[in-house]
Amino acid sequence: MTQTTPVEPEPIARVRAALRAAGVEGEIRLFGKLLTTAQAAADALGVELGRIAKSVLMFAGGEPVLVVAAGDRRVDRRKVRDRLNRGKVTLAGPEEVLAVTGFVAGGVAPVGALHPVTVLLDESLRRFPDIWAGGGVPEALLRIRVDDLPRATGGVFADVVQDPAPA
């Protein structure tokens with residue numbers, strides 16, 4: 001009897017290839033359940049919500065923009081618009097997310113998109129040495145060093161989230 005090695009889902013393989021191409025190390029962990037929200041991912045890992053990065057696809061003046069933001073923050077479309085100066089900023093729908101990134105909503109990785117996208121990295125991610133982000137499918141999470149995010153994504157750090165509520 002021969003053993004067959006399970007084939008890794010294409011989106012995860014694409015994330016691994018993007019990391020290799022950038023010369024960046026990352027850890028992809030698979031879970032036996034869907035982790036489609038930052039809170040679900042934080043609960044599964046036992047980490048604070050801010051260490052989970054959500055990758056939010058938007059369109060600025062019709063051009064795709066991926067905002068990678070801490071799970072305890074909300075993206076501020078006005079700040080994204082002002083930063084890019086491309087016009088109106090709208091949130092992508094699930095079909096658009098899949099068409100542009102090749103990832104289903106809830107599993108979007110910050111690297112490995114099918115098509116070129118501008119990437120903005122939430123400044124507040126710098127609070128952490130590493131973060132967890134979508135790993136390409138809703139059951140996978142990618143651990144990556146925050147300092148490696150610009151090289152891995154081609155993105156830049158920017159103030160693109162709403163100011164946190166006072167404690």
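I take two strands to pair if DSSP finds at least two bridges between them. For the elements, I use DSSP runs numbered from the N terminus: helices are H or I with at least four residues, and strands are E with at least two.

The model is predicted, with local features needing pLDDT of at least 70 and side-chain atom pairs counting only at pLDDT 80 or more, while totals for chains, interfaces and linings use all residues. Residues are numbered from 1 along each chain as its sequence is written, and side-chain values use heavy atoms, with hydrogens and water left out.

Entry: the hairpin. I looked up β2 and β3, which form a hairpin with two residues between them. In the turn, G61 has a positive phi of about 60°. The pairing of β2 with β3 is antiparallel and runs over eight bridges. I noted A70 in β3 as the bridge partner of A53.

Entry: strand β3. I found seven of the eight residues in β3 (residues 63-70) to be buried (under 20% relative accessible area; exposed is over 50%, partly exposed in between, with a 1.4 Å probe and protein chains only). β3 is also joined to β5 (residues 118-122) by four bridges, in parallel. In that pairing I located V67 opposite L120.

Entry: S55. I placed S55 in β2 (residues 52-60). S55 counts as buried because its relative accessible area is 13%. Beyond its neighbours within four places in sequence, S55 is in contact (heavy atoms within 4.5 Å) with L66, V67, V68, V108, A109 and P110.

Entry: A17. I found A17 in helix α1 (residues 10-22). A17 has 34% relative accessibility and therefore counts as partly exposed. From A17 to G61 I read 30 Å, C-alpha to C-alpha, at a separation of 44 residues in sequence.
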